[in-house]
Amino acid sequence: MLLPILMTASVSTRGMKGASYTDEEREKMYVDTLNYYLSQLIEGEKIVFAENSGWSYESIKAKIECTDTDKVEFISLNPDMFDIAKGKGYNELLLINMAIEKSLSIQQSGAFFKVTGRYPIKNLQYFLKKASKMILQEGYEFYGDMKDHKLYEWLRTGWCGHSGEARLFGCNISYFREKLGCRYMELNDYEGRLVEGLLFDVMKSSLANGEKVSCRFNREPIFSGFEGSIVNAITFTKNQNSYKAKFKRFVGNAIRLFTPWFKF
């Protein structure tokens with residue numbers, strides 16, 4: 001049994017500060033990602049597509065190439081419940097809270113694997129199978145990734161070397177509700193309270209308390225497409241298919257393999 005894949009989506013930016021691309025461009029990105037994942041699904045896998053901007057999911061369904069639309073559980077959430085003045089992190093955790101309550105697939109599984117919806121993760125199956133085994137068979141509560149190093153501090157760059165990976169992670173429902181979902185009101189992108197920081201703090205606390213969590217991937221996720229935001233770091237590239245991105249993944253995989261203690 002594999003965890004249901006929770007794709008979070010906000011097709012329309014509704015004027016959110018710092019958001020990228022037109023609504024039509026964003027819809028195409030979500031459709032392309034859905035089509036890619038549907039082409040990769042194996043027997044028994046399910047996608048939960050949860051959208052919170054009021055965009056018609058019928059428009060998205062009409063563009064799906066896979067004829068077996070039962071593989072996707074569509075959830076449309078009321079945009080009036082979300083506050084674009086607080087940015088992405090606040091709204092994404094709130095979206096996940098609501099999706100958990102509404103999704104039959106997630107309720108039946110008791111857990112989920114969250115992925116970003118706007119661009120595909122090319123090696124998703126590796127992480128999905130790993131998370132499913134750890135959470136559903138081995139009793140882990142959370143499977144995710146973090147950066148935790150002082151290199152940037154030593155170099156005095158001002159960049160952050162301590163953050164959680166918010167684009168993909170797996171966890172059971174109770175862990176999310178008790179550790180993450182209940183704290184969405186603490187977040188505000190425009191005041192520097194980011195979901196990556198909250199994830200990092202939660203993972204560090206869980207590790208310190210001896211909870212059964214896994215907080216470091218042993219390989220790099222292969223993201224495709226284009227980032228929607230700009231990050232102030234020398235390693236950042238908006239085009240995730242660029243040579244710079246590929247070199248970054250190569251170095252990251254080498255670090256994870258040969259110096260796993262260095263959480264870069």
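Colleague: Over which ring does the charged end of R219 sit?

Modeller: The charged end of R219 sits over the ring of Y126, 3.7 Å from its centre. A charge sits over a ring if NZ of Lys or CZ of Arg is within 6 Å of the ring centre and within 35 degrees of the ring normal. Please note that this is a predicted model, where local features need pLDDT of at least 70, side-chain atom pairs count only at pLDDT 80 or more, and totals for chains, interfaces and linings use all residues. Residues are numbered from 1 along each chain as its sequence is written, and side-chain values use heavy atoms, with hydrogens and water left out.

Colleague: And what lies over the face of F223?

Modeller: That is R167, at 3.8 Å from the ring centre.

Colleague: How many aromatic pairs are there?

Modeller: The count comes to 16, where rings of Phe, Tyr and Trp (its six-membered ring) pair if their centres lie within 6.5 Å; planes under 30 degrees apart count as stacked, over 60 as edge-to-face and the rest as tilted. One of them is Y90 with Y184, edge-to-face at 5.2 Å centre to centre and 65 degrees between the planes.

Colleague: Is Y90 buried or exposed?

Modeller: Y90 is buried, because its relative accessibility is 8% (buried means under 20% relative accessible area, exposed over 50%, partly exposed in between, with a 1.4 Å probe and protein chains only). Y184 is also buried, at 18%.

Colleague: Which residues do ring pairs link into a cluster?

Modeller: The cluster holds Y152, W159, W261, F262 and F264. Within it, W261 is exposed at 65%, and F262 is partly exposed at 25%.
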